[in-house]
Amino acid sequence: MGRALVGLVGPDDRFELARAMVTAGSPHEGKPVRDPGTGLRYVSDWHDATGIDIVVDFSGPAGLASALDHCEAHGIPLVTGTTGIDAGLEARLVRAAERIAILRAANFSLGIAVLTRLLKEAAAALPDWDLDIVEAHHGRKEDAPSGTALALGEAAAGARGTTLADAAVYAREGRPGVRKDGTIGFAVVRGGDIVGEHTAWLMSGGERLELGHRATDRAIFARGALEAAKWLTGRAPGAWTIDHVIGGG
């Protein structure tokens with residue numbers, strides 16, 4: 001994602017890339033990002049990171065925490081697609097949104113944003129239908145289910161007047177018994193170089209509705225993140241979403 005963002009920012013006249021942050025100890029640390037003539041280099045801390053209008057984060061929990069420290073200290077808006085965070089960092093993000101503009105998305109694909117809307121409508125219109133969410137990603141992805149799958153589940157649960165904490169079933173093995181009404185199941189596939197696939201199955205007697213999205217190029221997420229960054233610049237403090245960017249928030 002970092003390479004995709006850097007590649008798109010370069011020719012985009014709306015932006016000027018100030019810094020590319022990496023985890024300390026990365027093999028990329030201290031090396032040029034793309035064009036040696038620009039003087040842009042990978043760095044691993046926020047020292048002297050001045051003149052920044054917005055931060056876009058696709059790192060990990062530790063990188064997000066560091067970016068949040070800097071953004072809060074300097075009043076900088078933050079766009080983040082990092083998932084797999086713990087309750088403590090989640091609470092920090094909620095509090096920080098009272099002071100700075102934060103736009104979070106488990107997936108910056110505009111197609112996923114539309115899929116989320118459609119799933120909300122379907123889950124509300126078919127409240128008694130069984131619902132499972134199936135997702136597939138490359139074998140290097142560390143968290144499961146994906147943040148996007150969880151966000152889809154949360155959207156569906158909310159549309160049905162419940163929460164994912166109450167409705168989710170993350171594993172079925174052995175003899176788990178018959179399906180409990182109102183649950184939202186998750187299935188995970190990991191392997192190869194799959195960019196990202198998400199399908200919601202709504203199932204009833206004699207029919208099934210499938211709503212799905214398949215990503216084939218990581219650049220779609222980078223493009224969506226840059227659109228979010230442009231949209232968020234100058235916004236008031238608050239917790240914003242990709243749905244706001246496409247006009248549905």
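Tutor: Gladly. This is a predicted model, and its largest nonpolar core has 19 residues. Those with the most contacts inside this core are L119, L131, I133, I184 and L202.

Student: What makes this set of residues a nonpolar core?

Tutor: A core of this kind takes buried residues such as Leu and Ile, joined through side-chain atoms within 4.5 Å. L119 and I133 belong to the set, so they count as buried and as joined in that way.

Student: Which elements supply this core?

Tutor: α4, β6, α5, α6, β8 and β9 each supply at least two residues. The most comes from α4, with 5 residues.

Student: What other core is there?

Tutor: A second, separate core has 18 residues, including L5, V79, A101 and L232.

Student: How do you know that the buried residues of α1 line one face of the helix?

Tutor: L5, V6 and V9 are the buried ones in α1. Viewed down the axis of α1, its buried residues fall within an arc of 95°, so they line one face. Their cover includes β3 and α7.

Student: Why are β7 and β10 said to stand at the edges of the sheet?

Tutor: The open sheet has 5 strands, in the order β7-β8-β6-β9-β10. β7 and β10 each have a single partner strand, so one side of each is left without a neighbour in the sheet.

Student: What makes β6 and β8 a pair?

Tutor: Pairing needs at least two bridges. β6 and β8 run parallel and are joined by 7 bridges, so they pair by that rule.

Notes:
Residues numbered from 1 in each chain as written. Predicted model: local features only at pLDDT ≥ 70, side-chain atom pairs only at ≥ 80, totals over all residues. Heavy atoms only, no water. Buried < 20%, exposed > 50% of the residue type's maximum accessible area, 1.4 Å probe, protein only. Helix = DSSP H or I, 4+ residues; strand = E, 2+ residues; numbered from the N terminus. Arc of directions from axis to C-beta. Contact = heavy atoms within 4.5 Å.
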